[in-house]
Amino acid sequence: MTQTSQKDRVVIFDTTLRDGEQSPGATMSHLEKLEIAQLLDEMGVDIIEAGFPIASEGDFKAVSEIAQRSKNSMICGLARANYGDIDRCWDAVKHAEKPRIHTFIGTSPLHRAIPNLDMDQMAVRIHETVTHARNLCEDVQWSPMDATRTELDYLFRVVEIAIKAGARTINIPDTVGYTAPMESADLIRMLIEKVPGADDVIFATHCHNDLGMATANSLAAVAGGARQIECTINGLGERAGNTALEEVVMAMKVRGDIIPYYTDIDTTKLMNISHRVATVSGFAVQFNKAIVGKNAFAHESGIHQDGMLKNSETFEIMRPEDVGLAATNLVMGKHSGRAALRSKLEDLGFSLADNQLKDVFVRFKELADRKKEVFDEDLIALMRASEDVENNRLALQSLTVICGTDGPQKADITMVIDGEKVTASAAGDGPVDATFNAVKALHPHNARLQLYQVQAVTEGTDAQATVSVRMEEDGNIATGESADTDTVVASAKAYINALNRLLVRGERTGEGLRQISYKDIS
Ligand code: KIV
Ligand code: ZN
């Protein structure tokens, strides 16, 4: 018997495109959603929660297109506890080979107060809506939102109703990240023991990371009997995020001796999807993030390096290759050719068509002229900076900034806006302020800069700087990112990138995006 066959399988339910994308500022474009769904499908995710179809035309379109394209994964859509939501959800997922409707209602005292339903009225609503969903779709998942703050007796009662109405999966959300590992395990154990019919369904765990315990709580729930983990790539999600897929999957893989479960995830694809989600969501991965952080496999201290050279297991509990990190950080330079660049980018998870490679090669040569050694991180930054270029309405053409100790600093900028070349000059309190003022002179806007962050991609004074900005305008939030060996140029490009995204968001808000609320269930 293989080791795997002695273990229980845990189903991986990814909600990057629903709970993750819902995070303020993380909105993805239609094509970005399709791309992430394809990567999830190829990676072996069992169920993809592709969106919330009633939320907007855009969400509906994304879920239905993902449903039609998915090759292996089951495709799920979210619906509140009303017939309109459930019908719309079914319309979006019904073309999938394996469709699922996920319907939910908040069952804790605080959440029951929102639709103003008493316990009995809510019980009726649950019976009706799960039955309705089940009449449309064979596979129905039901969630009592804020389950971990719901009275135990009431939770048992409503879970039994949902099972009797035909739900096949009962998801137990820790909506506000309030539970702790022992409680998480006990809750699932009690539900399985006490609720009639519990043996016929799968229990799922859905944790948020407000207290930094989402991974531990999810694994504890599995120890308690849950067999589905709901999670997102990079732990993307509202507030402190959701359970990180890469963390639970690698924990089961690396510590199979004491966490005896397995998944069908191809872990060598983790790094690539992590980069893609970071890029399209605009949420950079923190350097010391477990599994996919830039420093997760870096060993800088002298003692560590010495130990690693003798035996990599001295300080490494998993191999970089297991998570899709190229084993060597082969340095590229200005003499590297197009074939070498293509092969290097493929190792890093980017596959490019010939015309794309041509464009990236030009940028790579420009970078290599300015920077002696081009590391993996530089190439990833370069690829991320090349995003969105084709559809952008605003683009930087040239920038000259005059700096000095006796300010104010002055920026002369040339941009291409909707195909037209325009020029402006502006002063400011520092080179970045002057540059942003010059952009604003050419493209007046009311966006407020919420975050401005600079990070060196590698070491040395010729290192590229990655600049991230987050901007807010009329309730829409967009992040922009860029990299350049010149910090002010990177700042200008990141700022323009965020403005481009805000233009797209503004257009999408017109169709009603995010105007719907979980609170509005009737
Ligand atoms: O956190 C939560 O409760 C949710 C539900 C909609 C399942 O995301
Ligand atoms: Zn959630």
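User: Are Asp 19 and His 206 buried or exposed?

Analyst: A residue counts as buried when its relative accessible area is under 20%. In this predicted model, Asp 19 is buried, as is His 206.

User: Which residues coordinate the zinc ion (ligand 2)?

Analyst: Donors are N, O and S atoms within 2.8 Å of the metal. Here the zinc ion (ligand 2) is coordinated by Asp 19 through OD, and by His 206 and His 208 through NE2, at 2.0 to 2.1 Å.

User: How are these donor residues spaced in sequence?

Analyst: The pattern is D-x186-H-x1-H. Asp 19 belongs to helix α1 (residues 16-20) and His 206 to strand β8 (residues 202-207), so this pair ties together parts that lie 187 residues apart in sequence.

User: Which residues surround ligand 1?

Analyst: The zinc donors Asp 19, His 206 and His 208 are among the residues around ligand 1, and the others are Arg 18, His 102, Phe 104, Ser 143, Met 145, Asn 171, Pro 173 and Thr 175. At least two residues of this shell come from each of α1, β5 (99-106), β6 (140-145) and β7 (169-174). By class, the shell has 3 nonpolar, 6 polar and 2 charged residues.

User: How far do polar side-chain atoms of Asp 19, His 206 and His 208 lie from an oxygen atom of ligand 1?

Analyst: For Asp 19 the distance is 3.1 Å, for His 206 it is 3.1 Å, and for His 208 it is 3.0 Å. Taken alone, ligand 1 exposes 260 Å², of which the protein buries 97%.

Conventions: Residues numbered from 1 in each chain as written. Chains lettered and ligands numbered in written order. Predicted model: local features only at pLDDT ≥ 70, side-chain atom pairs only at ≥ 80, totals over all residues. Heavy atoms only, no water. Donors = N, O, S within 2.8 Å, 3.2 Å for Na, K, Ca; no water. Helix = DSSP H or I, 4+ residues; strand = E, 2+ residues; numbered from the N terminus. Buried < 20%, exposed > 50% of the residue type's maximum accessible area, 1.4 Å probe, protein only. Near = heavy atom within 4 Å. Polar contact = N/O pair within 3.5 Å; in protein donor to acceptor, adjacent residues only side chain to side chain. Areas by Shrake-Rupley, 256 points an atom, 1.4 Å probe, with all protein chains shown as cover. Nonpolar A, V, L, I, M, F, W, Y, C, P; charged D, E, K, R; others polar.
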